[in-house]
Each structure stands twice: as C-alpha cells, then as structure tokens.
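Biologist: I have not looked at this one before. Can you take me through it?

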Amino acid sequence: MVIASLVMELGIVWLVRAAWIAAILPMSIASIPSSKLTSFHQLVLGFAGRGKILNPSSQKWTVPQKYFAHFYVFGSAWTTLLLATTWMYACKTAPLSSEEFHLSDIASHLTGGSHVFSFHKSHLTPVEHRFKVWRAVFLLVLMETQVLRRLIESFYVFKYSPSARLHILGYLVGWFFYTVAPLSLCVSVAPEVARFAGYQVAEFIAKGKSHTSASSEFDVLSSLSPLMKQLGWCQLIGGVIFLWGWLHQRRCHAILGSLREAPSQAKEYIIPHGDWFEIVSSPHYLAEIVLYAGLVIASGGTDITIWLLLGFVVGNLTLAAGETHRWYLRKFENYPANRNAIFPYVY
C-alpha cells in the first residue's frame, strides 16, 4: 500500500510537470533569436494572438474574446473545490496540536493502520506533513482570491469590442491553464486528498449524512486559526508579494476598463496612463508575473511544479507583451519612449 501510494503521488506530480514542460517548450523555442526559426516564431504568436494583436490571417480559427470569462467561471469552481477538500482534509487529518495528532495516530494504529488517510506511513514526519498540507491550503486561498477577482472583472470591468477575437488554440490554452495551475499548488497532497474525499463520499452513500466521520459542520472561521499558526516567513513574504501584484493588476485592469466606458469608445484605442502603465506597456502582465512569483516564494521555493507554473506564466505573458508593445509603437506616433514592453528598463 505504501509503495502504491507513493507511485500514485509521483505519477500525478510528474504528469503535471510534463504538461507544463510541453506548454513551455514551444514558447522557449520561439524566443530563440534565429532567422531559421522566424516561421515558427510567427506561428506561435499567431496561436497566442488575441484582440488587437491577433493576426488577420488567423481570424478563421477564433472565438469572441469575451469567452475569457469561461476560464474564470471554471477556474473559480475548480479552485474552490480543491480548496474546500484540501482544507477539510487538513482540519480532519492534520490537526494543529501534537495531542490531537497523537490521538489520531493511535486511532490509526488501533485499526491496523489501514485508515485511508493515515499519514504515519508517509516518508515525511508528522510535523513536516502537517506543514505541507496547510501550505497547500494557503496557496489555494491565494489562488482563489485571484480567480474570483478575474471572474468579477470579466463581467464588470472589461468591455470587449464586439469584433475582438481570440485564437481557438489560445482559448484551449486558457482552459488548460486554469485546470493545471490550481492543481499544481496542491499536487503534492492531491492523491491523499482525493482518497479522503472519495472515502467521505462513499461513507455518505453507505451510511447517510448523520453517520459520516466528517458530518460535523465545517466552520471556516475556526479553521482559520490553524492555518495562520502554520504559516512561516516564506508564506508571509510570498503572501505580501502576491498581494502587491494582485492590487496592481486590479488597478491596471480598472484603467484598461475605463478606456471604453462610453459606447463611442467601443472601437477606439487610447494610450493608457496611470499606475505601472507609466513604465511598461503591459503592467497587468507584469503584475501577474509578480503575484505568481509570490506563490513560488509562499511555497518555499522547493517545488519544481510551481516553478514550472511560473515559467509558463513568464513565457506566455512576455510573448504577448512584446507583441502588444510593438502594436502600440506602430499605432501611436506619440507613444511614450520611456516605456518598455513588460520588464522595466529591461524589455
């Protein structure tokens, strides 16, 4: 059982990592400055095209850009599910006090060590395991605040032009991202959380609500205490950096949304000003990179999966920002010369 559990855990971890590597590889190749790769570079940019940077030749394989909302509806539901199940698992099987943990471990031994979420079998010590589980909860809480805000913005902030389109491959990549990104934040505990959730569902079906081991109401407020007590310096620093990027992205999105408040502006393009727009052309992309860097720091920086998530975000948004910056330069003769594409004073 221990070997099977370990194989399952490693299997899903490496599957997620392979997915990120497969997604990053084309962007990495396209970014190589070689004339031999010009066609491939244009192909990748064509797939990534959306809105004003969409190549006219790609119009046939597009969907309305307002379909961005689909990612955020799904992402919010999926992240909420992962957060709820992981948080419940943490409260039930990774208690804060050593006494509670000791009693839980004794109960597992008395049942022959066969409890479906017994973690004395793990290669981690009890303290390390508890921290690992609660850290996943914290990362999912941060991700939840991001996808919920993006969902609200997609309906109430952004006013897409009726003619704005998104390449169908870019649309599918959006679905991929909001499926794999939240999972990446808790993938190290995902197998045991899945077993926990499956056990609860099976017990509910077999015995009914009043007899399930997790039948007591889940009190979010009381469960915040163990979450906060399990956080270390990496989580606090990472959370602050995440919040910094989150707030700036919110401001930049508000600025972009305000440019088309009047119906007469629906098809007009205006040079945005304010916040990080004074230094880069795509500050909302820069802010997104910052907040995902915050997630890496909050994870402790030891999980390759979350580094790959950040790598995809950086690669994808850097390509899009470069195209957006070139579009601005072509469109406006008076475009501010001091602005870079996405990284201040660098690119």
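Modeller: One rule to begin with: a charge sits over a ring if NZ of Lys or CZ of Arg is within 6 Å of the ring centre and within 35 degrees of the ring normal. The charged end of arginine 17 sits over the ring of tryptophan 14, 4.8 Å from its centre. This is a predicted model, where local features need pLDDT of at least 70, side-chain atom pairs count only at pLDDT 80 or more, and totals for chains, interfaces and linings use all residues. Residues are numbered from 1 along each chain as its sequence is written, and side-chain values use heavy atoms, with hydrogens and water left out.

Biologist: Which ring does the charged end of arginine 149 sit over?

Modeller: That of tryptophan 246, with the charged end 5.0 Å from the ring centre.

Biologist: Back to tryptophan 14. How far is it from isoleucine 304 in space?

Modeller: They are 10.0 Å apart, C-alpha to C-alpha, and 290 residues apart in sequence. Isoleucine 304 is in helix H11; helices (H or I, at least four residues) and strands (E, at least two) are DSSP runs, numbered from the N terminus.

Biologist: Is isoleucine 304 buried, partly exposed or exposed?

Modeller: Partly exposed, because its relative accessible area is 47%. Buried means under 20%, exposed over 50%, and partly exposed in between (1.4 Å probe, protein chains only).

Biologist: How many aromatic pairs are there?

Modeller: The count is 22. Rings of Phe, Tyr and Trp (its six-membered ring) pair if their centres lie within 6.5 Å; planes under 30 degrees apart count as stacked, over 60 as edge-to-face and the rest as tilted. One of the pairs is phenylalanine 71 with tyrosine 72, edge-to-face because the planes are at 80°, with centres 6.3 Å apart. Phenylalanine 71 and tyrosine 72 are both buried. Tyrosine 269 and tryptophan 327 are also edge-to-face, since their planes are at 65°, and their centres are 4.8 Å apart.

Biologist: Where do tyrosine 269 and tryptophan 327 lie in the chain?

Modeller: In distant parts, 58 residues apart: tyrosine 269 is in the loop between H9 and H10, and tryptophan 327 is in helix H11. Tyrosine 269 is partly exposed at 32% relative accessibility, whereas tryptophan 327 is buried at 12%.

Biologist: Which residues form the nonpolar patch on the surface?

Modeller: Leu43, Phe47, Leu169, Leu172 and Val173, with about 380 Å² of accessible area together (Shrake-Rupley method, 1.4 Å probe). Patch residues have over 30% relative accessible area and no salt bridge, and nonpolar side chains are joined within 5 Å, like charges within 9 Å. A salt bridge is a side-chain nitrogen of Lys or Arg within 4 Å of a carboxyl oxygen of Asp or Glu.

Biologist: Which helix supplies the largest share of the patch?

Modeller: H6, with three residues. Helix H2 (38–48) and helix H6 (168–186) each supply at least two.

Biologist: Last topic: how many disulfides?

Modeller: Zero in the whole structure, a disulfide being a pair of cysteine sulfur atoms within 2.5 Å.
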